[in-house]
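Please look through the model shown below.

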Amino acid sequence: MTWCKFTGKEIFNKQTIKHAAVSGILMLGVGNGIVIWVEQFIPSGLVAIMVASAAIWFVILDKPKWKENLSSTSTVTGLIVGFIGVILLFGEQLLHILSTNQSTTQIVGMILLILGPIAWAGGSLYSKYKSDPNSSVSVNTAWQMIAAGIAFIPGSLFSSEFKHFNWQHIPLDAWLSIIYLIIFGSIAAFSAYVWLLKVRPATQVSTYAYVNPVVAVLLSLCFTSEKITLIQLLGLVVILGSVLLINLAKYRKSKEVALQA
C-alpha cells in the first residue's frame with residue numbers, strides 16, 4: 001500500500017475497497033484460513049488433494065462461462081484428469097488416512113476443506129467480475145490482504161493466541177519463512193494471480209491448483225531427502241497433461257483468431 005501511495009495510485013476508492021474486501025475475505029480469510037487451521041490436524045497430502053478441487057469449483061461457479069466451459073470436452077476432461085493426477089500424487093498418504101480412524105477434529109477439518117476451495121473460487125470470480133478493470137492490481141491486492149488480516153483478528157482473540165505469544169521464542173527459520181512469503185507469496189505470486197484473473201479466463205488461471213502440488217513435490221526432492229515413487233511420477237505426468245487439455249481449447253481459439261487477422 002505504501003508503494004501504491006508512493007507511485008501516485010488512487011488508494012481510497014470506495015468501490016475498489018468494497019470489492020477487494022469481499023474477495024480478500026473469501027479467498028485469503030476463508031479459503032486460506034481454513035487450510036492454515038486444518039493443516040494442524042490433517043496430513044498435507046490430503047489437504048493438497050482437497051485444495052486442488054478449486055479448479056473444478058471455478059467451472060461450477062463461473063455462471064457467465066457455463067456454456068463455453070461445459071461445452072468444451074478438453075476443458076471438462078482436463079479438470080477430471082487433473083484431479084485424478086493429484087490423487088495419484090498423494091495416493092499413499094490418502095490410503096494411510098483411509099485405513100486409520102479419524103478424530104472428530106479431523107472429520108470437521110475434512111468438511112471445512114470442502115468449503116475452503118469453494119470460498120477461494122468464489123472470491124476469485126468475484127474479484128474477476130466485480131473489480132474495476134482500470135483499477136490498480138497492486139492497490140486491489142493490498143486491500144484484499146488488509147481485509148483478510150483484519151478478518152483473522154477475531155479468530156486469534158477467540159483462541160487466546162496473544163496470551164501465549166512470545167517474540168523471543170520465534171526461531172530464525174520462522175522469520176525467514178515470513179519474509180519469503182511476503183516477497184514471493186504475497187507481492188509476487190498473489191499480485192500475479194489477481195492480475196491474471198483480469199486478463200485470462202478463470203479456467204486457465206484455476207490450473208494453478210493442479211500445478212502447486214507438482215511444484216511442492218519437486219521442491220521436496222531438491223531440498224529434502226524425500227524420494228519420488230513411480231505412482232507419484234505418474235501423477236506428475238497426468239497433472240501436466242490435464243493442464244494442457246484445459247488450455248487446449250483456448251490455444252485453438254487464439255490460433256484461429258490470429259489466422260483470421
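In this predicted model, the count of salt bridges comes to one. The partners are Glu68 and Lys65, and their closest N and O atoms are 3.4 Å apart. That distance counts as a salt bridge because the cut-off is 4 Å between a side-chain nitrogen of Lys or Arg and a carboxyl oxygen of Asp or Glu. Glu68 is partly exposed, with a relative accessible area of 30%. Lys65 is also partly exposed, at 31% relative accessibility.

Aromatic rings come next. A pair of such rings is described by the distance of the centres and the angle of the planes. The model has eleven aromatic pairs. Two of them are listed here.

| Pair | Centre to centre | Angle between planes | Type |
|---|---|---|---|
| Trp120 and Tyr193 | 5.5 Å | 40 degrees | tilted |
| Tyr193 and Tyr208 | 5.4 Å | 75 degrees | edge-to-face |

Where do Trp120 and Tyr193 lie? Trp120 belongs to helix 8 (residues 104-130) and Tyr193 to helix 10 (residues 172-199), so their pair ties together parts that are 73 residues apart in sequence. Are Trp120 and Tyr193 buried or exposed? Trp120 has a relative accessible area of 10% and is therefore buried. Tyr193 is buried too, with a relative accessible area of 9%.

The pair of Tyr193 and Tyr208 is edge-to-face because its planes are 75 degrees apart, and the cut-off for this type is over 60 degrees. This pair links distant parts of the chain, with Tyr193 in helix 10 and Tyr208 in helix 12 (residues 208-223), 15 residues apart. Trp120, Tyr193 and Tyr208 belong to one aromatic cluster together with Phe190.

Helix 8 and helix 10 can also be described as a packed pair. Two packed helices are described by the angle between their axes and the distance between the axes. For helix 8 and helix 10, the angle is about 60 degrees and the axes are 8 Å apart. The two helices are therefore oblique to each other. The crossing in which helix 8 passes helix 10 is right-handed.

Which residues of helix 4 are buried? In helix 4 (residues 54-61), the buried residues are Ala54, Ala55, Phe58 and Val59. They cover an arc of only 150 degrees around the axis, so they are on the same side of helix 4.

Two single residues remain. Cys4 is part of helix 1 (residues 2-6). At 2% relative accessibility, Cys4 counts as buried. The C-alpha atoms of Cys4 and Ala142 are separated by 8.8 Å, while the two residues are 138 residues apart along the chain.

Ser160 is found in the loop between helix 9 (137-158) and helix 10. Most residues other than glycine have a negative phi. Ser160 is not a glycine, yet its phi is positive, at about 55 degrees. With 26% relative accessibility, Ser160 counts as partly exposed.

Note on methods:
Residues numbered from 1 in each chain as written. Predicted model: local features only at pLDDT ≥ 70, side-chain atom pairs only at ≥ 80, totals over all residues. Heavy atoms only, no water. Phe/Tyr/Trp six-rings, centres within 6.5 Å; stacked < 30°, edge-to-face > 60°. Helix = DSSP H or I, 4+ residues; strand = E, 2+ residues; numbered from the N terminus. Buried < 20%, exposed > 50% of the residue type's maximum accessible area, 1.4 Å probe, protein only. Arc of directions from axis to C-beta. Axes fitted to C-alpha atoms, helices over the stretch in contact; angles between N-to-C directions. Parallel < 35°, antiparallel > 145°, perpendicular 65-115°, else oblique. Left-handed = near helix turned anticlockwise from the far one by under 90°.
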